[in-house]
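Subject: Handover of a structure, with findings

Dear colleague,

Please find below the structure that I am passing on to you. My notes on it follow directly after.

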Amino acid sequence: MLRSCAARLRPLLVAHGRPGGARLTSTFSFEEVTQKDHALPKPSWSKDLRLLFDQFMKKCEDGSWERLPSCSRHSVQRFQNFTKAFFSGSIPVKEEQISQAKFFPRSFEDGLGFEYAMFWSKDEKRIVCLFQGGLYLQGIPGFLHGGALVTLIDTTLGTHAMLAGGAVMTANLSINFKRPMPLCSVGVINTQLDKIEGRKLFVSCNIQSVDEKTVYTEGTGLFIKLEPGKTLV
Ligand SMILES: CCCCC/C=C\C/C=C\C/C=C\C/C=C\CCCC(=O)SCCNC(=O)CCNC(=O)[C@H](O)C(C)(C)COP(=O)(O)OP(=O)(O)OC[C@H]1O[C@@H](n2cnc3c(N)ncnc32)[C@H](O)[C@@H]1OP(=O)(O)O
């Protein structure tokens, strides 16, 4: 039986002894829901993406690296806990709609949107995200839309911030587009946590070509740790 994504993510959050991780687990009581893990090889993955994925799966064998599961939906339970913890006002979306809601980067058909897999290095405290942008992410003809790259950077930096500090939200992103990234090509995102100041987590990354000869995009993000009881709306 497929374990829920959240259940597979939970050990990561708690294993790093993050109070946030524990709080996130206790606050969000990861309900056991069976969901498809999208961060696994699919027929739409290119040879480059599969090769890189296999290289990183090998690195996971000694436990120094960990593949991060990635599902398309939050459970209703997590929605209830998240909104109860951080949102006082009535949230416009209804609970029954949540089961249809999808995590944006996982809302495309296989191969047409964001194909990606993230790996977390416990020792180096960084994420490597292997990414292939599909045909529905086009901006200028033949190249990826800048907003698609920002989405992926937001999600990757946000995941790093979450692993470092529990439930977070993006406060600021700054992006430099250095070279256009071709549609259907593979990019590698490397993140680093630059500093933590109170509730503020400053993380940065770049997206490089597989041969590391081209830097497509650079990004920094400021993520704010959410405080249960301090409602956002
Ligand atoms: C979220 C996880 C939930 C559980 C998920 C479980 C499993 C994971 C599964 C999938 C998820 C995968 C990845 C998740 C990670 C990321 C994905 C994307 C995340 C987003 O896509 S999320 C949507 C976009 N995001 C928003 O919708 C936020 C709107 N916003 C607000 O909700 C508030 O704005 C908030 C909460 C950010 C802060 O509000 P607040 O009241 O709590 O804090 P306050 O304002 O006091 O700021 C505290 C200190 O930050 C400084 N500060 C604030 N903003 C700044 C800025 N822009 N520039 C420079 N400094 C800034 C202040 O100056 C002060 O600094 P100082 O302490 O030094 O005075």
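In these notes, a contact means that heavy atoms lie within 4.5 Å. The model is a predicted one, in which local features need a pLDDT of at least 70 and side-chain atom pairs count only at pLDDT 80 or more, while totals for chains, interfaces and linings use all residues. Residues are numbered from 1 along each chain as its sequence is written, and side-chain values use heavy atoms, with hydrogens and water left out.

Not counting residues up to four places away in sequence, Phe131 touches Leu49, Phe114, Glu115, Tyr116, Leu144, Leu149, Leu152, Met181, Ser185, Val186 and Gly187. Phe131 is also among the residues that touch the most other members of the largest nonpolar core, which has 28 residues. Such a core is a set of buried Ala, Val, Leu, Ile, Met, Phe, Trp, Tyr and Cys residues joined through side-chain atoms within 4.5 Å. Buried stands for under 20% relative accessible area, exposed for over 50%, and partly exposed for values in between (1.4 Å probe, protein chains only). Two or more residues of this core come from each of strand 2, strand 3, helix 6 (146-165), strand 6 (200-209) and strand 7 (215-225). Helix 6 gives the most, with eight residues. Apart from this core lies another, of 14 residues, including Leu52, Phe119, Val128 and Leu130.

The elements named here are DSSP runs numbered from the N terminus: helices (H or I) of at least four residues and strands (E) of at least two. The protein chain has six helices and seven strands, and 47% of its 233 residues count as buried.

Helix 3 spans residues 47-60. Within helix 3, Leu49, Leu52, Phe53, Phe56 and Cys60 are buried. They lie on the same side of helix 3 because they cover an arc of only 105 degrees around the axis, the arc being that of the directions from the helix axis to the C-beta atoms. Lys47 and Lys58, on the other side of helix 3, are exposed. The buried residues of helix 3 pack against strand 1 (65-68), strand 2 (114-121), strand 3 (126-133) and strand 5 (186-197).

Lastly, the ligand. A backbone N or O atom of Ala171 lies 3.0 Å from a ligand nitrogen atom. An oxygen atom of the ligand is 2.6 Å from a side-chain N or O atom of Arg199, and an oxygen atom of the ligand is 2.9 Å from one of Lys200.

Yours sincerely

Notes:
The expected span of a helix is 1.5 Å times one less than its number of residues. A polar contact is a pair of N or O atoms within 3.5 Å; within protein, one must be able to donate a hydrogen and the other to accept it, and residues adjacent in sequence count only if both atoms are side-chain atoms.
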